[in-house]
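User: Could you take a close look at the charged side chains here and tell me how they sit in their surroundings?

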Amino acid sequence: MGSLSIWHWLIVLAIALLLFGRGKIPELMGDVAKGIKSFKKGMNDDEDTSTSASTASRTVEHKADETK
């Protein structure tokens with residue numbers, strides 16, 4: 001009773017096609033892909049910003065040590 005048979009999945013697929021239509025599903029998947037790419041780009045931008053900030057702070061500390 002806990003597992004779904006192939007007929008259950010076919011019915012779910014048919015209902016999804018009726019609700020969204022054939023053109024809507026690829027459009028939704030394209031939007032999901034764009035969102036994932038944007039998220040990854042944002043994560044890479046954050047890493048670049050944090051590494052450049054930590055490099056700058058190390059440089060400042062190093063210069064402060066040389067003057068002593």
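Analyst: Happy to! A definition first: patches are made of residues with over 30% relative accessible area and no salt bridge, with like charges joined within 9 Å and nonpolar side chains (Val, Leu, Ile, Met, Phe, Trp, Tyr) within 5 Å. Lys and Arg count as positive and Asp and Glu as negative, while His and the chain ends are not counted. The place of a charge is NZ of Lys, CZ of Arg, CG of Asp or CD of Glu.

This is a predicted model, in which local features need pLDDT of at least 70 and side-chain atom pairs count only at pLDDT 80 or more, whereas totals for chains, interfaces and linings use all residues. Residues are numbered from 1 along each chain as its sequence is written, and side-chain values use heavy atoms, with hydrogens and water left out.

On the surface, Asp45, Asp46, Glu47 and Asp48 gather in a patch of negative charge. Glutamate 47 belongs to helix α1 and is partly exposed, because its relative accessibility is 47% (buried means under 20%, exposed over 50%, partly exposed in between, with a 1.4 Å probe and protein chains only). Helices are DSSP runs of H or I with at least four residues, strands are E runs of at least two, and both are numbered from the N terminus. The protein has 1 helix and 0 strands.

The search of the whole structure finds 1 salt bridge, defined as a side-chain nitrogen of Lys or Arg within 4 Å of a carboxyl oxygen of Asp or Glu. Its partners are glutamate 27 and lysine 24, with the closest N and O atoms 4.0 Å apart. Both lie in helix α1 (residues 6-67), 3 residues apart, about one turn of the helix. Glutamate 27 counts as partly exposed because its relative accessibility is 45%, and lysine 24 is partly exposed at 42%.

Tryptophan 7, in helix α1, counts as exposed at 61% relative accessibility.

Terms used. Areas by Shrake-Rupley, 256 points an atom, 1.4 Å probe, with all protein chains shown as cover.
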